[in-house]
Amino acid sequence: MKMFTLATDSSEQYYDRAKAVKEFDDAKIGVRGLLDSAITTIPRFFIHPPENLTCLRSTQPGAIQIPTLDLSDLYSNSARSQIIQQIRNAAAEFGFFQITNHGISVSIMDNTISAVRTFHELPAVEKKQHYNRTYEGGVFYATNYDLFRAKAATWRDTLKLPQFRRTGRGLKEIKCLNASGTVANCYPYCPQPDLTLGLSSHTDPFLLTILMQDEVGGLQAKIGENWIDIKPIHGALVINIGDLLQIISNGMHKSVEHRVLANSLKKSRLSIATLIGPTHKENSDTFGPLPELLSEEKPALFRNFSMSEFMAKFLGKGLSIMVDNFKL
């Protein structure tokens with residue numbers, strides 16, 4: 001397997017980043033393939049500028065924790081309203097929370113994580129047949145969907161699973177619960193974890209994200225000015241609010257910056273994220289703050305926009321903070 005090495009500072013004038021990225025992508029081995037080739041230093045295009053690598057450890061370890069909500073009594077008449085209010089409070093104050101007793105068995109979750117791990121640990125030659133960047137339906141895997149646009153790559157591989165359609169109550173009328181995309185990320189051991197990230201700081205674009213993660217950890221959310229660890233809880237799902245829900249709720253619910261640290265442990269971190277949002281076919285539909293949430297005292301904080309504009313900005317910028325594009 002071809003080795004990839006870092007160019008030194010002294011060879012700055014000879015380093016062709018675009019060429020190095022293309023060679024890596026053409027090899028179709030992913031980050032895991034780099035690791036399997038016994039590298040001891042990461043390729044230069046994975047190195048992030050110092051400003052992206054500040055406060056990599058939780059700034060207040062243990063002092064702030066996102067809520068963990070028990071849904072076991074969600075359909076009980078006596079407890080339902082209280083649980084719903086807890087969800088509202090968590091969405092408004094933190095933008096992140098974990099849920100337990102959500103109806104998905106722990107064994108199914110464990111088996112799903114195990115199946116994803118099995119795929120990512122296959123030899124690179126077996127995974128190559130699925131490697132592509134067309135993002136057109138079906139199952140495929142790649143490294144960094146924005147590899148050619150991002151200023152620095154991140155240390156992860158992604159298995160993209162097919163979209164599936166669904167319906168939901170409440171927001172069904174504005175077509176926000178019609179589809180979801182699921183990605184299974186693998187964060188292999190990184191030999192230089194202080195020089196890169198597993199996933200850059202960003203907010204999720206759509207309505208909300210449902211995340212299943214293994215026990216390795218590394219996910220962080222920015223609560224106020226502090227980066228805090230989202231500690232794995234076996235059998236729990238992590239829920240985080242997306243930009244579209246922050247806009248629709250006129251800022252009532254928070255879409256919060258989050259990131260994943262480069263993995264310093266020998267065991268790969270696995271996570272499976274399902275993004276809930278509109279289908280791309282609804283490009284003519286207009287989105288914005290719900291009229292019933294607006295008043296003279298609470299004017300609109302965001303302008304209306306079409307899904308085609310929203311997707312164009314998302315695909316053009318890659319990982320970013322989408323709400324900033326639509327503020328009034």
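Reader: Which side chain does the side chain of threonine 158 join in a polar contact?

Author: A polar contact is a pair of N or O atoms within 3.5 Å; within protein, one must be able to donate a hydrogen and the other to accept it, and residues adjacent in sequence count only if both atoms are side-chain atoms. Here the side chain of threonine 158 meets that of asparagine 185 at 2.5 Å. This is a predicted model, in which local features need pLDDT of at least 70 and side-chain atom pairs count only at pLDDT 80 or more, while totals for chains, interfaces and linings use all residues. Residues are numbered from 1 along each chain as its sequence is written, and side-chain values use heavy atoms, with hydrogens and water left out.

Reader: Where is threonine 158 found, and is it buried or exposed?

Author: Threonine 158 belongs to strand S4, residues 157-165. Helices (H or I, at least four residues) and strands (E, at least two) are DSSP runs, numbered from the N terminus. Buried means under 20% relative accessible area, exposed over 50%, and partly exposed in between, with a 1.4 Å probe and protein chains only. Threonine 158 counts as buried because its relative accessibility is 14%.

Reader: Which residues does threonine 158 touch?

Author: Contact means heavy atoms within 4.5 Å. Leaving aside residues up to four places away in sequence, threonine 158 touches His120, Phe140, Tyr141, Ala142, Val183, Ala184 and Asn185.

Reader: Which residues of the largest nonpolar core touch the most other members?

Author: In soluble globular proteins, nonpolar side chains tend to be buried together. A nonpolar core is a set of buried Ala, Val, Leu, Ile, Met, Phe, Trp, Tyr and Cys residues joined through side-chain atoms within 4.5 Å. The largest one here has 23 residues, and Leu69, Leu71, Phe97, Ile99, Met212 and Ile272 touch the most other members. Among the elements that each supply at least two residues of this core are helix H3 (80-93), strand S2 (96-100) and strand S12 (269-277). Helix H4 gives the largest share, 4 residues. A second, separate core has 20 residues, including Phe206, Leu245, Ile248 and Phe287.

Reader: What does leucine 71 touch?

Author: Not counting residues up to four places away in sequence, leucine 71 touches Ile83, Ile87, Ile99, Thr100, Asn101 and His102.

Reader: How many salt bridges does the structure hold?

Author: A salt bridge is a side-chain nitrogen of Lys or Arg within 4 Å of a carboxyl oxygen of Asp or Glu. The structure holds 7. In one of them, arginine 133 meets aspartate 25 at 2.8 Å, N to O. Arginine 133 is in the loop between helix H5 (124-127) and S3, and aspartate 25 in helix H1 (residues 17-27), so the pair ties together parts 108 residues apart in sequence. Aspartate 25 counts as buried, at 10% relative accessibility.

Reader: With which residue does aspartate 214 form a salt bridge?

Author: The partner is arginine 117, with the closest N and O atoms 2.8 Å apart. Aspartate 214 lies in the loop between strand S7 (208-213) and S8, and arginine 117 in helix H4, so distant parts of the chain, 97 residues apart, are linked. Both count as buried: aspartate 214 at 6% relative accessibility and arginine 117 at 14%.

A further salt bridge joins glutamate 215 and lysine 267, whose closest N and O atoms are 2.4 Å apart. Glutamate 215 is exposed, at 51% relative accessible area, whereas lysine 267 is partly exposed, at 41%.

Reader: What is the order of the open sheet of 4 strands?

Author: Strands of a sheet pair through backbone hydrogen bonds, either parallel or antiparallel. Two strands pair if DSSP finds at least two bridges between them. In this sheet the order is S6-S11-S8-S9, with antiparallel pairing. Strand S6 (197-202) and strand S9 (226-229) are the edge strands, each pairing on one side only. Strand S8 (residues 219-223) and strand S11 (residues 258-261) pair over 3 bridges, and alanine 221 has histidine 258 in S11 as its bridge partner.
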